[in-house]
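Take a walk through this model, one region at a time. Keep the sequence and the coordinates side by side.

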Amino acid sequence: MIIAAPRLPRPSEAALHRVRQTLAARIGPSRILDGDGVSAFGHDESEVAGVLPDFVVLAESEAHVAATLEIAQAEGVPVTPRAGGTGRTGGAIPVGGGVVVATAGLARIKEIDRANMVAVVEPGVVTRAFHDAVEAEGLFYPPDPNSLHNCMLGGNVANNAGGPRALKYGVTGDYVLGLRAVFMGGRTMFVGRRTPKGVTGYDLTSLLVGSEGTLGVLTELTLRLRPKPPVVRTLLGLFDSVHACGAAVTALFHAGHVPRALELMDEGSLEAVRNQGAAVDPRARALLLLELDGHERAVEEAVDHVGNLLHGAAGSLEVLAAQDASQRDRLWDARRALSPATKKLARFKLSEDVVVPRSRIADLLREVDAISEATGVRTLTYGHAGDGNLHVNFLWNDPSERERVDSAILALMRSTVSLGGTLSGEHGIGVTKAAYLPLEHTPELVALQEDLKRTFDPKGLLNPGKIFPSRGHGSC
Ligand SMILES: Cc1cc2nc3c(=O)[nH]c(=O)nc-3n(C[C@H](O)[C@H](O)[C@H](O)COP(=O)(O)OP(=O)(O)OC[C@H]3O[C@@H](n4cnc5c(N)ncnc54)[C@H](O)[C@@H]3O)c2cc1C
């Protein structure tokens, strides 16, 4: 764990004891986990050194969540919501101790309405399981974070998760029509609608989507579905440099193609993939993984056209097409395993998920090279190139290099903002990026968001220590 969490005052033992006793009487002692059982709730998939919760509520209904937020509010005890724990920014880590409300037990798919292409689900449904259930009905739920075997829909909505298919189909927030949420104090509300259109009142659904568990705890989600595309084809383009990949992305869009996914891997990422046993052509120093979907004839024509374009104008060394579903799955398994695979390349790794306008990808890649050269810190880059969202990873072995790593990350954040980009495309701000928020948001904008936070949570008890920079640390 290499990122310190902000120091927040912990609740008093007496307050914790009262919350525990009252909750046990209301929801049953078996739903409260403490002692050694809480150790799994002090970390997520970030590098944040968390604080263990004092106890965990294993919620199985909205009433359990509401009781927790009512009693915790009365005693001034902080609450941290958690779903699958795959977050990359420390969002589900209870930095001030207190209670973690685990929503994995709210895991029912309540309804799949084929006629209206709407589903109603609980937040603990695992994303991949939801894909399977929806596709069995001939429907399609596009958001596909690469963690989909372990993450949950509540965490996806709270972080407004993206994924490879966001390029053509948009991110999680584009599929949330409405939701039920519990607010500190225990108030429970349905926000939003169930129809594809609707402009009644403020768009509070959008405010809660991506609020990283700081405004309310989600207990039910009403999600928009689409018809399942009948045909999907996957292509792999090998290149002799990552810059050639960047240029190929631009050429594809100029030619009018919108693949459903367009993923980039640079030389370092290929090294990680090769280390996992994948036989990638040794000439390749970068690759594009590309997926097209739609009706058969249109897709076959697009595959031919894209293949020719990559071979020709874009200068690809080789273009390979997956021949069947199992080849396709193997390509995607390699892509989805990339994040853990890159971890094995060095003792320490920090990963950022910046976004720039698509036309500036080549500029960002040049900036990353320059930052790596100036600081001497090894980097590798991969990600959702089609929508300009790149995961830039910083790797090092010796703890004494840490100061240079921090200045390299700060330089990346500055370059991203100056290229017209944004600090996070999908992982959110959480703990790890809070210090950088003022690079992108003016003090007035940060203050407006803090006012909103106070409206929902006047005592600042819901997921404290997240998103907003700690006072005095905002000048980086
Ligand atoms: C290998 C790997 C690949 C990944 N790939 C992607 C990717 O392609 N795209 C992407 O967007 N992300 C990706 N991620 C990051 C992560 O998986 C996503 O952010 C995901 O949406 C988190 O879901 P979770 O269920 O694990 O949430 P958690 O980690 O449990 O929580 C995430 C945030 O949501 C809040 N939260 C959880 N449940 C609730 C609730 N019921 N109500 C309110 N707030 C809640 C938490 O407090 C926290 O702030 C990846 C992570 C890994 C490890």
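In which sense do strand E4 and strand E6 pair, and over how many bridges? Strand E4 (residues 55-58) and strand E6 (residues 99-102) run parallel, and four bridges link them. Two strands count as paired if DSSP finds at least two bridges between them. The strands (E, at least two residues) and helices (H or I, at least four) are DSSP runs, numbered from the N terminus. Within this pair, leucine 58 has alanine 102 of E6 as its bridge partner. Helix H1 (residues 13-27) packs on the sheet and touches E2 and E4. The direction of H1 makes about 20° with that of E4. Such angles run from 0 to 180 degrees between N-to-C directions, with axes fitted as lines to C-alpha atoms, for helices over the stretch in contact.

A word on the basis. The model is predicted: local features need pLDDT of at least 70, side-chain atom pairs count only at pLDDT 80 or more, and totals for chains, interfaces and linings use all residues. Residues are numbered from 1 along each chain as its sequence is written, and side-chain values use heavy atoms, with hydrogens and water left out.

Back to the sheet. It is open, has four strands in the order E2-E4-E6-E5, and its pairing is mixed. Strand E2 (32-33) and strand E5 (79-82) are the edges; each has a single partner strand, so one side of each lacks a neighbour in the sheet.

Next, strand E16 (residues 286-294). Nine of its nine residues are buried, that is, under 20% relative accessible area; exposed is over 50%, and partly exposed lies in between (1.4 Å probe, protein chains only). Ala286, Leu288, Leu290, Leu292 and Gly294 point one way. Leu287, Leu289, Glu291 and Asp293 point the other way. Strand E14 (residues 231-239) runs antiparallel to E16, joined by nine bridges. There, glycine 237 is partnered with leucine 288. Strand E15 (residues 261-265) is also antiparallel to E16, with five bridges. Glutamate 263 is partnered with leucine 289 of E16.

Now helix H12 (residues 361-375). Its 15 residues should span 21 Å at 1.5 Å a residue, and its end C-alpha atoms are 21 Å apart, which agrees. The expected span is 1.5 Å times one less than the number of residues. Buried in H12 are Ile361, Leu364, Leu365, Val368, Ile371, Ser372 and Thr375. They cover an arc of only 120° around the axis, so they sit on the same side of H12. That arc is taken from the directions from the helix axis to the C-beta atoms. An α-helix has 3.6 residues a turn, so residues three or four places apart point the same way. On the other side of H12, Glu373 and Ala374 are exposed. The cover over the buried residues includes helix H7 (242-254), strand E18 (348-355) and helix H13 (402-418). Just after H12, glycine 376 takes a positive phi of about 75°.

Finally, two single residues. Serine 211 is in the loop between helix H6 (204-208) and strand E12 (217-224). Serine 211 is buried, at 8% relative accessible area. Beyond its neighbours within four places in sequence, serine 211 is in contact (heavy atoms within 4.5 Å) with Ala158 and Ile467. Leucine 437 is in helix H14 (residues 437-440). Leucine 437 is buried, at 4%. Not counting residues up to four places away in sequence, leucine 437 touches Leu423, Ile429, Val446, Ile467, Phe468 and Pro469.
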